Amino acid sequence: MREWTTQQIADAARAELAAPGAAGEGPSRVTIDSRDVRPGDLFVGLPGARVDGGVFAAQALADGAWGVLIGPGHEIRTTGRGVVLRSDEPLVALQTLATAWRRALGAKVIGITGSTGKTSTKDVLAGMLAPHLRTVATRQNLNTEIGVPLTILGAPEGTEALVLEMAMRGPEQIAELTEIAEPDVGVIVNIGPVHLELLGSIEAIAAAKAELIRDLPEGATAIVPADEPLLEPHRTRQDLVWVTFGPGGDVDDLGGVELPFTSAHMRVNGLAALAAARAIGVEPHGPIDVALSDMRGQRRVLAGEVTVIDDCYNANPMSMRAALNHLAEETHPPARRVAVLGDMLELGPDERRFHAEVGAHARERGVELLIAVGPRAAAMVPPFGGEAHAVPDAQAAAALLPTLVRSGDTVLIKASRGVGLEVVADALDAAIS
């Protein structure tokens with residue numbers, strides 16, 4: 001946004017220009033973290049549950065910020081150089097500014113949602129597009145009503161493709177992100193029992209995810225699984241281009257695309273990504289360089305040929321099964337399969353059944369040692385039936401696992417984010433490296 005004037009920034013955000021600052025170019029970057037402010041940044045002080053970020057605005061200006069966007073109730077004295085923008089709703093102003101920048105970029109925008117695999121699909125698609133278009137994709141977990149506008153505003157001038165992951169925990173949240181991003185292509189990777197505690201039924205989850213295709217602009221492309229009956233009631237629009245992926249779908253073969261994965265679920269994610277690439281006129285081919293986001297299935301080999309699959313960013317029944325399938329496919333005797341599986345959160349009244357089913361699936365897929373972490377995960381142990389240990393939390397698992405691992409083991413570590421299983425991977429690394 002360097003080419004935009006101060007007034008253009010204010011107009012785009014629909015904010016009051018309270019102090020115009022010094023004449024010159026626009027901001028180089030937008031941030032909501034006052035600790036991360038650099039010269040030339042626009043700092044947006046968002047109200048939070050504990051503190052209103054606007055209280056840090058004066059310090060941001062002192063640290064060289066181009067300007068600040070704040071809500072009511074904050075008095076800022078400037079030296080004349082810093083810009084001060086005011087809005088009754090700073091978050092709405094941030095989102096409105098992002099939409100204006102998305103339009104100014106003129107980039108093709110792909111929105112991706114789903115119950116599981118949306119991050120991996122985003123990573124694969126970014127890898128497919130990068131050799132052909134100047135591409136910006138969601139970093140880590142910037143996939144919310146705050147993260148999506150920050151991703152858009154972080155795209156430099158000249159960006160040709162924006163790949164945006166869209167997350168939700170309730171109704172109309174995907175709709176909000178779709179309004180901000182105005183995608184040319186909407187991808188729903190799958191539908192599964194995630195956030196049941198909040199949404200109540202799998203049909204409600206499908207409806208929430210389908211807000212993406214409901215609200216796409218006329219003429220956009222909607223990409224959905226070929227075998228998902230839960231989405232059929234939402235495939236009513238005649239003004240969209242519909243593309244299906246997966247077995248029996250419009251895109252059911254990777255063709256000349258070579259992915260650095262062999263698991264079945266990553267292949268399906270790759271098909272969704274390929275459909276999206278083609279929708280914006282890109283035909284990927286050859287080896288695809290994919291940088292997976294942190295804690296999303298990265299493999300590393302430790303001392304003693306112990307392999308760790310670090311997939312502890314999040315978990316639900318679908319992704320647990322997929323990870324266990326991957327463990328079975330990638331590990332062959334005499335290597336021992338070890339699974340450290342923690343609580344899956346927000347599953348509602350059937351949570352015990354879902355955890356028990358994961359335990360049974362672990363047994364079926366050849367897991368020989370199970371460490372169940374947390375009160376919910378304890379339900380995995382009885383149906384697993386083999387060598388198993390139930391521990392109360394991640395710290396207990398971190399203490400136990402190094403005493404049980406043998407040379408040559410392959411260890412899967414996976415749980416919902418709130419369990420914090422990354423400490424288990426770190427502990428194992430420290431113990432045997």
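## A salt bridge at arginine 237

Arginine 237 is buried, with a relative accessible area of 17%. Buried here means under 20% relative accessible area, exposed means over 50%, and partly exposed lies in between, with a 1.4 Å probe and protein chains only. The side chain of arginine 237 meets that of aspartate 239 in a salt bridge, at 2.9 Å from N to O. Aspartate 239 is partly exposed, at 31% relative accessibility. A salt bridge is a side-chain nitrogen of Lys or Arg within 4 Å of a carboxyl oxygen of Asp or Glu.

## Basis of the model

The model is predicted: local features need pLDDT of at least 70, side-chain atom pairs count only at pLDDT 80 or more, and totals for chains, interfaces and linings use all residues. Residues are numbered from 1 along each chain as its sequence is written, and side-chain values use heavy atoms, with hydrogens and water left out.

## Other salt bridges

The whole structure holds 24 salt bridges. In one of them, glutamate 182 and arginine 103 meet through their side chains at 2.5 Å, N to O. This pair links distant parts of the chain, 79 residues apart: glutamate 182 is in the loop between helix 6 and strand 9, and arginine 103 is in helix 3 (residues 90-105). Helices (H or I, at least four residues) and strands (E, at least two) are DSSP runs, numbered from the N terminus. Glutamate 182 is partly exposed at 24%, while arginine 103 is exposed at 55% relative accessibility.

Another salt bridge joins the side chains of arginine 363 and glutamate 364, at 4.0 Å from N to O. Arginine 363 is partly exposed at 42% relative accessibility, and glutamate 364 is exposed at 53%. Elsewhere, salt bridges with shared partners connect Arg102, Arg103, Glu182 and Asp184 in one network.

UniProt, in an unreviewed entry, lists residues 112-253 as "domain: Mur ligase central". UniProt positions are given in the numbering used here, feature names are shortened, and annotations may be inferred rather than shown by experiment. The span 112-253 is 31% helix and 17% strand, and its end C-alpha atoms lie 20 Å apart.

Which residues of helix 8 (residues 202-209) are buried? They are Ile205, Ala206, Ala208 and Lys209. Seen down the axis of helix 8, these buried residues fall within an arc of 160°, so they line one face of the helix. The arc is that of the directions from the helix axis to the C-beta atoms. The elements they pack against include strand 6 (108-113), helix 4 (118-129) and strand 9 (185-188).

## Two buried residues

Serine 115 sits in the loop between strand 6 and helix 4 and is buried, at 7% relative accessibility. Leaving out residues up to four places away in sequence, its contacts (heavy atoms within 4.5 Å) include Ile205, Lys209, Asn316 and Met318.

Valine 148 belongs to helix 5 (residues 147-153) and is buried, with a relative accessible area of 1%. Beyond four places in sequence, valine 148 touches residues including Leu142, Leu164, Leu177 and Ile180.

## Valine 51

Valine 51 lies in the loop between strand 3 (41-44) and helix 2 (57-62). Its relative accessible area of 41% makes valine 51 partly exposed.
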